[in-house]
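Colleague: I am new to reading models like this one. Could you take me through one part of it closely, and then show me how that part fits with the rest?

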Amino acid sequence: MLRSYLKIAFRTLWKHKTHSLINVVGLSVAVATCLLLFLTASYQFSFDRFHLKGDRIYQLYYTSTNRDGVEEKNGSMQYPLTPALRAEFPEIRSITRVKGGGGGIRYGEQTFAKSVKTVDADFLTMFTFPMVKGDAKTALNDLNNVVISQNMADDVFGKVDPMGKTLLINQDGTWRNFVVTGVLTDHPENSSEQYEALVRTEIGPSYTEVKDQWGASDHSVYVELAENTDPEVIEKRFEVFVQKYQGGNLTDRNKQGYAKNSRGQQLSLLLLPLSEVHFTTDLVSGNGISKTYVYTLLLIGLFILAIACINFINLTIAQAVTRAREVGVRKSLGAGQGQLFAQIWGETGLLCLVSLLLGLGLAYGLLPQFNKLFRANISLQNFLTPQALLATGLGFVGITLAAGGYPSWFVTRFNVVQVLKGKIKLGKPGVLRNSLIVTQFTIASLLIGCTLVMVQQLKYLRERPIGLNQEQVISLPVRMDTDGNTVLRQMRNQLANQPSVLAVTGSGVNIGNGLDGSSSRHMYGFDYNKRPVLCDWLRVDFDYLKTLDIKLLQGRDFSPQFGTDTSASVLVSQSFAKMMGEKNPVGKFIQPDSAKGKFQVIGVVNDFNLYSLHEKAEPIVLHVQPQKALRYVLVRVRPDNLTGSMEIVKTAWLAVNPKAEFNGSFVSENTDRWYRREQRLSSIFTTAAGIAILLSCMGLFAIALISIEQRTKEIGVRKVLGASVGSIVALISSDFLKLVLVAILLATPLAWWFMSRWLADFAYQIDMPWWVFGLTGLMAVLIAFATIAYQSIRAALMNPVKSLRSE
């Protein structure tokens, strides 16, 4: 019996080759797409889930309002905060400061470019980063201890045991001795905190100057709460704590009319669960992605799978007439409804199984291109995890039930007597079929509309002025083990006589994301005439304004002719001058840190974006202090021969750093990398929209074909009675185009809502263009009409004699 069912299933599928092919192609593409997107989302949700104490670990952050009354979050903490919390909150079992940094490592005669993070000793016991060698409880007890990763141990020491060995680490230009007291396993890729070397916070640059300053903030803080501790209770107690240690700041904010935040406070210290850190994008230290992005991947996968299932259901129901007599004969011969259901559903299962296998193969084959295009991190191991296999199995059963259950039940309900008399009649298409077609094109139109809005926003981000001229400027990352001031001086000497080079300068922060992949930020919060100010504290060098074509609005630029410019002078941005409340701030003094003395404002520059347009340009203070590291050399070149200029700069760089890798890139390319995530999301939407349209059109084509076959005699009668080809085409097409128009009306408000939420992540955004939705509707109608036009015209041109001869 089973063999008979299989033979019948194969014969039926082969008889309807076109429809079977549409179903198999649609389902296999949907399975492959869903699998890749679901695995990507699963990887994102796995971030920081491996920590054993993860449910009790939190990152600290502040919330307050700016002068416009907008609430802002800030994850940059002050140095005195950690010891104060440790002393006053026994519920905090462990606490650590975390600050990324450069440095460079030297062992023997070799120098290695490695990142060195400063942390507290609790870091090793709080987080679940297993120790390969050493004891987590004591590895960072002394200030001269360093803990390194397994990868770094292999790079630096090879097969030699690193324990007890002495390393030299570059701390702001000074090489210091450290003893290796531990080796950690390499951090997992799905970890928010990543490391190569860890040293104590207390040995960080300028720590002694800022350890008691509540105005200096440049690092993250994590706390581990005791078991059964309610984080909301701790946050409530933080209010008294903030008032105790930062009461002066709160008083000044009240006097100046700052609005209170959503908790009714001027400044709130709050807890962010570790599981949410990866998805935080609005903290100063937040480098994660929005959960909206991940949920969007899941939603797109479900959309495409739904379209494929809708095709399957519609085609099976539309073919019901062709199987009516078969079902009637089988019923008359004694077949039960359950047997018929099992047979027809078995055909569905067979198609789904073939589609699943093809989809798995397609997903595996596309894996390298998918990882490259969307910067995913999926491997074969992700496919073979119990969770992935279980999800695939449940998905297969679910698709089989959804796509085959209802059509099988529908076909087996036919009345045997009516069928054998040839009186089976389905009537006009029902609500279900129309609803499914509307759903398909609603999804497709939604994806098209979202894609067009994303393209417009990305174009706006790339073309919007950022307050400086990013064209024809080459950015050169300076190795961590190299003195940036020395490199800059030598580069100026090398390029002094090159006519293609217009200006050379240095900076502590890159413009955009360079090829070195690093990013840093240093902010100061302090009072000026009892007015709280928060700013980016930017290390630059002479000719910075000239190199980046930043406009000087008041005062003068930095100049080597003024000795105080390298010790006690600053330039401020226009927004910083506004925060000072001075009409002419030139000549005024600011004091960000009592240990550093005062700085005189010598000039005001226009606002410029030091970071991406996701956030508004913060007030900036520019200074030229040689003791602060220069991490980048910036070179402006003439526009006539950019390739040749890059080669000249490369030659000069290798002359200065013969052993260093050349990672020069144009600043315009770097700023474009700010929006890689949005570009990836746009690519995903574009691809998904294409797949959705393709699958929808395949389904519509097949439904139109079957509909025309069922109306062949009607079309013949209309032609005999004088109907023109155009009127018949309009008759057939209008039924489907009405459904597409309904889909457009449903998709437009959904697309507007989704894109409004997405655009809210940008400080600078486009106004929602109305024409995008008009274009979306026009595209959907044209695509739908093109899909059914050929079959409609073919049917209209058919000889009515052939269609009516059986009558």
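Modeller: Helix 16 covers residues 484-495, and its 12 residues, at 1.5 Å a residue, should span 16 Å; the C-alpha atoms at its ends are 16 Å apart, which agrees. The expected span here is 1.5 Å times one less than the number of residues. Helices (H or I, at least four residues) and strands (E, at least two) are DSSP runs, numbered from the N terminus.

Now for its buried side. Gly-484, Asn-485, Val-487, Leu-488, Met-491 and Leu-495 are buried in helix 16. Buried means under 20% relative accessible area, exposed means over 50%, and partly exposed lies in between (1.4 Å probe, protein chains only). Looking down the axis of helix 16, you find its buried residues within an arc of 160°, so they line one face of the helix. That arc is taken from the directions from the helix axis to the C-beta atoms. What covers these buried residues includes strand 14 (473-477), strand 15 (501-507), strand 17 (531-539), strand 23 (632-637) and helix 19 (642-656). Such cover is judged by contact, meaning heavy atoms within 4.5 Å.

Asp-516 sits in the loop between strand 15 and strand 16 (523-528). Asp-516 counts as partly exposed, because its relative accessibility is 30%. Leaving out residues up to four places away in sequence, Asp-516 touches Pro-477, Asn-510 and Tyr-632. Asp-516 also lies 6.7 Å from Asn-663, C-alpha to C-alpha, although the two are 147 residues apart in sequence.

The chain has 807 residues, of which 51% count as buried, and it holds 25 helices and 24 strands.

Residues are numbered from 1 along each chain as its sequence is written, and side-chain values use heavy atoms, with hydrogens and water left out. The chain averages a pLDDT (the predictor's confidence in each residue, from 0 to 100) of 82, and 86% of the residues score at least 70. Confidence is lowest in helix 14 (residues 416-420), at a mean of 56, and highest in helix 4 (residues 123-126), at 94. Where pLDDT is low, the predicted coordinates should not be read in detail.

Methods. Predicted model: local features only at pLDDT ≥ 70, side-chain atom pairs only at ≥ 80, totals over all residues.
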